[in-house]
Amino acid sequence: MEQHDIEEDEFGFSRNYFLAKELGNSGKKSGHKLADIDVVDEEELREALANIEQKHEKEIDELIKTYKSSYQEWVCELRCGFGLLMYGFGSKRTLLEDFASTALTEYSVVVINGYLQSINLKQVVITLAELLCDQLKAQQKFTSRSLHKHQQPFDSRSMDDLIAFLDQHHLEDSDSFICVLVHNIDGPGLRDPDTQQYLARIAACSNIRVVASIDHVNALLLWDKKMVHTQFNWYWHHVPTFAPYKVEGMFLPLILAQGGSSQNQNISWPILMKKARMPVNNLYATCRERFLVSSQITLNSHLTEFKDHDLVKTRRDTEGQDCLYIPIPNEALEKIIKDTSQ
C-alpha cells in the first residue's frame, strides 16, 4: 500500500471518529435507568448458583493438600509472633477451620465471622480476656481472690481496659498464645476504621495471634503502614482455593438479582440524607471508607446519573464549597430507601 493511501485511510478514520462524537453529543440523553432492567429473582439465582457443577476437583484437591502440608510452617510463624493473612481467589473458610482444628489443638481459638453484617467485637474481646484469665489461673499467676480484688468483671469494662488487660499479663510459655481466627477481616461487619483499629491493637497484644482471610479488592485500604508491619505484623500467604463463597454469600445480596442492585443505585442517598448539605470531598471519603467506590471518577459517574434526573443538586455554601443535597423531603426519602432495600 502506498504512503498516499495510508494517509487517506488515517484521515478517513479520524474524520469518521469526530463525526460520530458530534452526532453522539447532539442526540438526546437516554431515559433508561438501571432500575428498568428485568433482573432475575434472587431465590432463583441462588438455586442456579448452588447447582453449578464444580470443575477440576482433582487439581483443587491436590492444591489443598499442598496447603495442608504447610500447616506446621504456619504454626511456627505464629509462634514467632507473626499474624497470618490468607488471600487468593475462592473461599478460605473451610481451609482455615481445618487448620485450626488440626494444627492449633494446643491453643485456644476464637472465631470471628467477618462476612456477617454486624459483629459484637466487645464480646469477642471479653471472651479473649476470660480465656487469658483462665490460663493465668492455671499457671498460678492469678488467683480468684486477686482477680476479685484488683478487677471489675470483664463485661463491665471498657474496650481500652480489656485490651490493656490482654497486653499487660503474659503467659509463662513464650510459645503460648490465643488465636483469633477471622474469616473475611475485610467483611462488612469489620470494615469501619474504628473496628480495624481495635483489631490491630488486639493483634499487637503479646498473647494474641491473628489468622485472617481477605477477599475484597480494596482490602489493603483498611490499614496504614503501622497496622500492617507493627500491629498485625502480617505474614502473607497466597492460598487460592477456587471454592465457592457459599456461606459468605448467604449474607450478601446478589447484584444480578432483584433487590441486590440497590447498593449501587443508592450509593449516596443514605449518606446524603443524614445532612442537609454535604461537600463532594466528604461524600467521596465516606463512600470509599464504606467500599462503595474506589475512585472519584466512579462516584462522579453515579452522581451524573442522579443529577440528570434531578435527584441530586449542587449548591455552594458560605465557605465556597460545592455541596450536594437531595431536593426531596426527608420523609419521602426515607420511604424510598426503605422500599429499595427490601
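## Strands 2 and 3 and their sheet

Strand 2 and strand 3 run parallel and are joined by six bridges. Strands here are DSSP runs of E with at least two residues, helices are runs of H or I with at least four residues, and both are numbered from the N terminus. Along this pairing, Val110 stands opposite Val180 in strand 3. This is a predicted model: local features need pLDDT of at least 70, side-chain atom pairs count only at pLDDT 80 or more, and totals for chains, interfaces and linings use all residues. Residues are numbered from 1 along each chain as its sequence is written, and side-chain values use heavy atoms, with hydrogens and water left out.

Now look at the whole sheet: five strands form an open sheet in the order 2-3-4-1-5, with parallel pairing. Two strands count as paired if DSSP finds at least two bridges between them. Strand 2 (108–113) and strand 5 stand at the edges with a single partner strand each, so one side of each is left without a neighbour in the sheet. On average, neighbouring strands of this sheet are turned by 15° against each other, direction ignored. For such angles, axes are lines fitted to C-alpha atoms (for helices over the stretch in contact), and angles run from 0 to 180 degrees between N-to-C directions.

Strand 7 and strand 8 (residues 322–325) run antiparallel and are joined by four bridges. Here Lys313 stands opposite Tyr325 in strand 8.

## A cavity and its lining

A search of the whole structure finds one cavity of 30 Å³ or more. On a 1 Å grid over the protein atoms alone, a cavity is a set of points where a 1.4 Å probe fits but cannot get out; a pocket is an open set with protein on both sides within 12 Å along at least five of seven lines; lining residues have an atom within 4 Å of a point. The largest cavity has a volume of about 50 Å³, where a volume is the space filled by probe spheres set on the points, and grid points are joined across faces, edges and corners.

Which residues line the largest cavity? They are Ile112, Val124, Leu128, Val180, Val182, Ile185, Leu199, Ile202, Val210 and Phe232. Helix 6 (121–138), strand 3 (178–183) and helix 9 (193–203) are the elements that give two or more residues to this lining. The lining residues divide into 10 nonpolar, no polar and no charged. In this scheme Ala, Val, Leu, Ile, Met, Phe, Trp, Tyr, Cys and Pro count as nonpolar, Asp, Glu, Lys and Arg as charged, and the others, Gly among them, as polar.

## The second largest pocket

The second largest pocket has a volume of about 590 Å³. Its lining has 17 residues, of which Leu49, Ala50, Pro244, Tyr245 and Lys246 lie nearest its centre.

Helix 2 (42–50) and helix 11 (246–249) each supply at least two residues of this lining, and the largest share, three residues, comes from helix 2. By class, the lining has 11 nonpolar, two polar and four charged residues.

## Aromatic pairs

The structure holds 12 aromatic pairs. Rings of Phe, Tyr and Trp (its six-membered ring) pair if their centres lie within 6.5 Å; planes under 30 degrees apart count as stacked, over 60 as edge-to-face and the rest as tilted. Tyr71 and Trp74 form a tilted pair, 5.5 Å centre to centre and with 45° between the planes. These two are three residues apart in helix 4 (residues 71–79), so about one helical turn separates them. Both Tyr71 and Trp74 are buried (buried means under 20% relative accessible area, exposed over 50%, partly exposed in between, with a 1.4 Å probe and protein chains only).

The rings of Phe82 and Tyr235 have centres 5.3 Å apart and planes at 85°, so this pair is edge-to-face. Phe82 lies in the loop between helix 4 and strand 1 (83–87) and Tyr235 in strand 5 (residues 234–238), so the pair ties together parts that are 153 residues apart in sequence.
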